[in-house]
Amino acid sequence: MRKYLSTISFSISILIFVSCGWAQSAARIAGSTSTEMKLPATPEVRKITPPKLDQAYLGKEILCERPMRHGSPQLSVEKIGDQVVAHDYGHGGSGWTLAPGSAEYVNQLFVTSPYASDLKKDSPITIVGAGVIGLFTAYDLVQRGYTNITIMADRFENLTSHNAGGLLAPVSMDNDPKMQAVIEKIGLDAYRFYAQVAKGTHPDFKKGAVIVPSYFDNREESGLEPYVGKVMQPAKEVVLDFGTGTTRKMVAYDDGIFMDTAVMMTSLTDYLKPRVKFVQKKVNQFKDIDSHFVINCAGLGAGALNSDKAVVPVQGHLIMLKDQKPQDLQYMILVYFGEAKTKSGLKVKRSFYQFPKHLPGTGVNDVGVVGGTFIEGATWDMPNQEEFAIMMEGARKFYGLTK
Ligand SMILES: Cc1cc2nc3c(=O)[nH]c(=O)nc-3n(C[C@H](O)[C@H](O)[C@H](O)COP(=O)(O)OP(=O)(O)OC[C@H]3O[C@@H](n4cnc5c(N)ncnc54)[C@H](O)[C@@H]3O)c2cc1C
């Protein structure tokens with residue numbers, strides 16, 4: 001599976017070159033004797049107490065599906081019959097990472113579209129889908145002064161958007177390089193939004209995002225390099241010491257953002273309830289909707305609505321942790337283990353990640369989520385249940401908790 005990762009290889013190479021101290025070696029080779037030349041910094045060692053991962057500390061098992069669109073998310077406006085339909089779907093494993101920026105981008109296309117020249121502030125607009133994309137779309141329209149918005153969805157609870165892990169990183173998509181500039185713009189806008197929430201400066205949302213260190217095997221896999229120098233600081237080389245005899249060299253983005261997805265879904269819904277109509281209904285075709293203006297934010301359902309075969313489910317397994325020490329879990333890690341086959345014969349990309357996710361209504365110490373898998377094409381009738389155990393084994397090994 002092609003994966004969206006920032007591949008501005010030249011600047012990454014420069015960064016790696018410099019950060020690995022090779023610049024200094026190169027200078028020596030070139031005969032420089034400058035005494036001002038700094039020796040490569042010894043990577044900072046950070047002690048991390050691993051979470052408790054014995055069976056007794058494992059909570060809810062979560063299985064959910066990323067709505068991925070090969071080529072890039074669909075971000076466009078078109079005329080279908082008499083209706084003006086904007087599309088904002090197919091964000092794969094980065095729906096949260098992109099949502100506020102994506103909503104703003106598509107809404108801007110929509111309100112400035114020649115098709116929407118008769119759009120008034122009180123024109124009825126129907127958003128199909130109540131996931132993170134639908135809710136941010138409604139939020140952005142409210143900010144723009146639109147007053148007659150309906151969110152129509154067949155489900156409002158326990159969506160992929162509630163269950164998602166919460167790492168801000170533009171990874172696990174399959175984007176055409178031509179879309180890179182748009183994805184970057186959207187990502188930067190989204191980062192700015194969440195940073196305001198995390199710093200307590202956002203006018204409407206005070207919780208749902210936190211700044212924590214994000215650790216990856218290398219810069220490229222983070223997808224975050226295009227953010228550096230614009231909204232983020234450069235990553236540092238660090239050594240994580242788990243106190244188990246296991247240490248790991250990683251890169252750290254200390255201004256990473258964790259999005260507490262279930263909490264943010266509640267905050268968005270609470271904000272929108274007095275301002276927007278919520279209607280529970282499955283939409284089978286756009287023309288079943290009364291309004292002239294429609295925004296398709298139906299995630300996996302959007303593919304069927306728009307006869308878009310590029311949309312595929314990418315299954316993910318997660319396990320919530322319980323009875324932890326929350327102060328020990330205030331960081332995020334994502335590492336990839338490579339590809340294998342599931343028992344059902346599908347290609348699985350396995351990884352280990354840990355984020356400080358907390359589900360509303362659970363105990364204060366029920367903090368942490370371990371993931372995860374990426375299984376393209378797996379549907380609900382194919383849960384690949386054994387992946388939960390494989391995933392936990394990977395997590396224990398990562399921390400050096402098993403020999
Ligand atoms: C295991 C896992 C971990 C993830 N971790 C992260 C992460 O760490 N960071 C990140 O950025 N992203 C992550 N994601 C991705 C992210 O969760 C998704 O990209 C995002 O939630 C998609 O949001 P959505 O609003 O498009 O879809 P959904 O949340 O699926 O919402 C779709 C909505 O459309 C409605 N709908 C669908 N069809 C119809 C229809 N025909 N009629 C009416 N309503 C309809 C549904 O009822 C629902 O309300 C993860 C995903 C998974 C599965």
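Helices (H or I, at least four residues) and strands (E, at least two) are DSSP runs, numbered from the N terminus, and by that rule the chain has 10 helices and 15 strands. This is a predicted model, in which local features need a pLDDT of at least 70 and side-chain atom pairs count only at pLDDT 80 or more, while totals for chains, interfaces and linings use all residues. Residues are numbered from 1 along each chain as its sequence is written.

**Confidence and overall build**

- The pLDDT, which is the predictor's confidence in each residue from 0 to 100, averages 91 over the chain, and 90% of the residues score at least 70.
- Over residues 1–35, however, the pLDDT is below 50, although this stretch has 40 contacts in the model beyond near neighbours in sequence; two residues are in contact if their C-beta atoms, placed from the backbone, lie within 7 Å.
- Where pLDDT is low, the predicted coordinates should not be read in detail.
- Among contacts between residues at least 6 apart in sequence, 78% join residues at least 24 apart.
- A residue is called buried if 20 or more other C-beta atoms lie within 10 Å of its own, exposed if 12 or fewer, and partly exposed in between, with C-beta atoms placed from the backbone; buried residues make up 44% of the 403 residues in the chain.

**The shell around the ligand**

- The ligand is surrounded by 42 residues, of which the closest are G95, G131, G299, G301 and G316; a residue is near a molecule if its C-beta atom, placed from the backbone, lies within 6 Å of it.
- Elements that give two or more residues to this shell include α3 (95–111), α4 (132–143), β12 (311–321) and β15 (367–376), while the largest share, four residues, comes from β2.
- By class, the shell has 19 nonpolar, 18 polar and five charged residues, where Ala, Val, Leu, Ile, Met, Phe, Trp, Tyr, Cys and Pro count as nonpolar, Asp, Glu, Lys and Arg as charged, and the others, Gly among them, as polar.

- In soluble globular proteins, nonpolar side chains tend to be buried together.
- Helix α4 is largely enclosed by the rest of the structure, because 10 of its 12 residues are buried, among them L135 and A138.
- Leaving aside neighbours within four places in sequence, L135 is in contact with A130, M265, L268, T269 and L272.
- Helix α8 (residues 261–272) has 12 residues and reaches 16 Å from its first C-alpha to its last, close to the 16 Å expected at 1.5 Å a residue, the expected span being 1.5 Å times one less than the number of residues.
- The buried residues of α8, which include M265, L268 and L272, pack against α3, α4, α5, β7 (209–216) and β9 (247–259).

**Residues that link separate parts of the chain**

- I48, found in the loop between β1 (44–47) and β2, counts as buried because it has 20 C-beta neighbours inside 10 Å.
- I48 touches L240, F242 and Y331, not counting residues up to four places away in sequence, and the C-alpha atoms of I48 and Y331 are separated by 9.4 Å although these residues are 283 apart along the chain.
- L109 lies in helix α3 and is partly exposed, because 16 other C-beta atoms are within 10 Å.
- Leaving out residues up to four places away in sequence, L109 touches S76, V77 and A86.

**Backbone details**

- Most residues other than glycine have a negative phi, and most peptide bonds are trans.
- A cis peptide bond, with omega about -10°, joins G371 and G372, and G372 lies in strand β15.
- S172, in the loop between α5 and α6, has a positive phi of about 55° although it is not a glycine, and S172 counts as buried because it has 26 C-beta neighbours inside 10 Å.
- D323, in the loop between β12 and β13 (332–341), is not a glycine either and has a positive phi of about 50°; D323 is partly exposed, because 15 other C-beta atoms lie within 10 Å.
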